[in-house]
Amino acid sequence: MAEQPTSATLAPGSKTGPVDAISVRDVTRDYRRPRTSLLRPSPPVHALRGVSFTIPQGQRFGIVGESGCGKSTLLRILAGLDRPTSGSVAIDGRDITGLRERQLRFVRERLQLVFQDPMSSLDPRMRVGDIVAEPLVAQGHRNRRERVAELLEAVGLQADAADRYPHQFSGGQRQRISIARALAPRPKIIVADEPVSALDVSVRAQVLNLIADLVDELSLTLVFVSHDLSVVRHVCDRVAVMHDGQIVETGSTEQVYEEPQHSYTRRLIAAVPTLGKALSGVSAADLNREYRP
Amino acid sequence: MSALDTEAAVASAVPDGRRRRRPMAGSLLVGGLIVSVVLGMALLSFVWTPHDPTLVNPSARLEKPSLEYWFGTDKFGRDVFSQLLMGSRTTLFVGFVAVGVAALVGVPLGIVAGMAPRWFGELLMRGNDLLLAFPALLLAIMFAAVYGAGTLVAMVAIGIASIPNFARLIRGGTLQVMKTEYVIAARAAGRGPFAIGLRHVLPNVSSLVIVQASVGFAIAVLAEAALSFLGFGTPPPTPSWGRMLQESQEMLSSAPRLAVFPGIAIAVAVLGFNLLGDGLRDRFDPKLEDRR
């Protein structure tokens, strides 16, 4: 594919020094529900309504919000797996909206995904070695066996894991496999969709630390999506709070956590269970009453 | 770090599915055995049969089972056991041709219809429904009228008539597979649609293919019997279990054993292929591997 940058794709970076890893401008995405009436078309669902943000190279960016707020839609658009209804997305300064699959090769090389459910994100019929090697095969890399062994070691799995099937591993280990696969083509951006939500609390910290360490070591840009603010606080420098398809607040993690500006953020933070609150008898029902705007 | 070690310990405790020999499922064993017997009979018939299965011998008409004629003889004096041996060839041929045609066309069709844009998939499936509405035996009779009665012609027709069953089933499986995160991961890794179809969809719908193939095999054997019975299938003198059954019809009150032997052969072979299909499905599903 043509790799030479055109004037349009360079534009955002040419003035501001280093190019942003990801820049999202006024992205909307509407879905159509199946018709329920013969006479009227069904009303569209606005999954995203005017989302904008930029993520500089090397930043760990968190996106927080409840389920159904549009997080996953946003991720799919970032990864070039879905198209926005309007607005634009640029990866490393190159606009990816409206590109054909063949033109998206640079996105496939630079951006990789880690999914929420380590059960369904690994093909049950493939050996772990083949799963991890898949991006390498797709992108025509050489020396795949060595690279796979290296990756499995990097995520803390034994080398013989390559010959086994995903169901022979625990949830935490499967998520490690998923991370190894994402790192295989040496991407610069990792997009993680609730990577620890499906895991036991006991292995969550391990997987989070693994992600954080690898991101540091390989100086990656991380987009980390979660409904759990405490998890995001653990990993991210900056955070955006999403609600109803919009970003309601953006800021450094500490700032958002210590001085939340938006009422929704305040509710979200209050929802994080703490030992003190539990001992003083706060229940989930109190949250809505106390923090509703 | 200690928590990591615990995880590793748990992993090594999980048995290695490749090395450990699992007890064989009963259905696989029995099905495999029956199918091997049918296969053995067919192979044996190439080198040895007690008598010439097509030899008409008026002096030995309707013999009862004896050391000379193990299963007796029919109204023309032909040895029933020899005919059964030769007939197993027809049965296997019939199954492989019909299932082969149906699977070779139906599986790719189903996968394409499941992966293609929605409107195209729907279009393919509506065409599929048209074919599905057409009775298999009627199609076979039409083929026989145009191309002449014969085992191959009949079975290609049965195979064509079975394509929609495969396509519909495989499309359903494909739609499910395409929604999974591992397919999204493969797309994000840069895999093209062809590779996704071959490496992810096909292996994950293979258990459906195996089960449908075993059912299709059984249906084909029955269809061959029915067509031969009607005179549109295997033409004489080639022995076929279906035609043996038909020829025994007029003797049903005087020599019921002539219907019993081919009848049992058909029933047991059909059962065997069904059991084998079930057993293979369980065996090939790695998720079921450790639960047994």
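Let's start with contacts in chain A. Among those with a separation of 6 or more, 66% join residues 24 or more positions apart. Two residues are in contact if their C-beta atoms, placed from the backbone, lie within 7 Å.

Some ground rules. This is a predicted model, where local features need pLDDT of at least 70 and side-chain atom pairs count only at pLDDT 80 or more, while totals for chains, interfaces and linings use all residues. Residues are numbered from 1 along each chain as its sequence is written, and chains are lettered from A and ligands numbered from 1 in the order in which they are written.

Now chain A as a whole. Its secondary structure comes to 12 helices and 10 strands. Helices (H or I, at least four residues) and strands (E, at least two) are DSSP runs, numbered from the N terminus. Chain A has 293 residues, and 43% of them are buried. A residue is buried if 20 or more other C-beta atoms lie within 10 Å of its own, exposed if 12 or fewer, and partly exposed in between; the C-beta atoms are placed from the backbone.

What does the record say? UniProt, in an unreviewed entry, places "domain: ABC transporter" at residues 22–269 of chain A. UniProt positions follow the numbering used here, feature names are shortened, and annotations may be inferred rather than shown by experiment. Over residues 22–269, chain A is 35% helix and 26% strand. The end C-alpha atoms of that stretch are 27 Å apart.

Next, the sheet. Chain A has an open sheet of 6 strands, in the order 6-7-8-3-9-10, with mixed pairing. Strands pair if DSSP finds at least two bridges between them. The edges are strand 6 and strand 10 (246–252) of chain A, and each pairs on one side only. From one strand to the next, the twist averages 15 degrees. Axes here are lines fitted to C-alpha atoms, for helices over the stretch in contact, and angles run from 0 to 180 degrees between N-to-C directions.

Let's stay with strand 9 of chain A, residues 238–243. On one side, strand 3 of chain A runs parallel to strand 9 of chain A, joined by 4 bridges. There, Gly62(A) has Val239(A) as its bridge partner. Strand 10 of chain A pairs with strand 9 of chain A in the antiparallel sense, over 6 bridges. In that pairing, Met242(A) stands opposite Ile247(A), and Ala240(A) has Thr250(A) as its bridge partner. The hairpin of strands 9 and 10 of chain A has 2 residues between the strands, and Asp244(A) takes a positive phi near 55 degrees.

Is strand 9 of chain A enclosed or open? Largely enclosed by the rest of the structure, because 5 of its 6 residues are buried.

A helix lies over this region. Helix 2 (residues 71–78) of chain A lies across strand 3 (60–64), strand 7 (189–193), strand 8 (221–226) and strand 9 of chain A. Helix 2 of chain A runs at about 155 degrees to strand 7 of chain A.

The largest nonpolar core has 146 residues. Such a core is a set of buried Ala, Val, Leu, Ile, Met, Phe, Trp, Tyr and Cys residues joined through C-beta atoms within 7 Å. Residues with the most contacts inside this core include Val132(A), Val191(A), Val223(A) and Ala140(B). Helix 3 (residues 80–115) of chain B gives the most to the core, with 16 residues. Leaving aside residues up to four places away in sequence, Val223(A) touches several others, among them Phe61(A), Ile63(A), Leu78(A) and Val191(A).

Now the two chains together. 30 residues of chain A are in contact with 26 residues of chain B. On the chain A side, helix 3 (105–110), strand 6 (111–114), helix 4 and helix 6 (171–183) each supply at least two residues. That side divides into 10 nonpolar, 12 polar and 8 charged residues. Ala, Val, Leu, Ile, Met, Phe, Trp, Tyr, Cys and Pro count as nonpolar, Asp, Glu, Lys and Arg as charged, and the others, Gly among them, as polar.

Last, two aspartates. Asp26(A) has a positive phi of about 50 degrees although it is not a glycine, and so does Asp92(A). Where is Asp92(A) found? In the loop between strand 4 (86–91) and strand 5 (94–95) of chain A. Asp92(A) is buried, because 22 other C-beta atoms lie within 10 Å. Asp26(A) lies in strand 1 (residues 22–32) of chain A. Asp26(A) counts as partly exposed, because it has 13 C-beta neighbours inside 10 Å.
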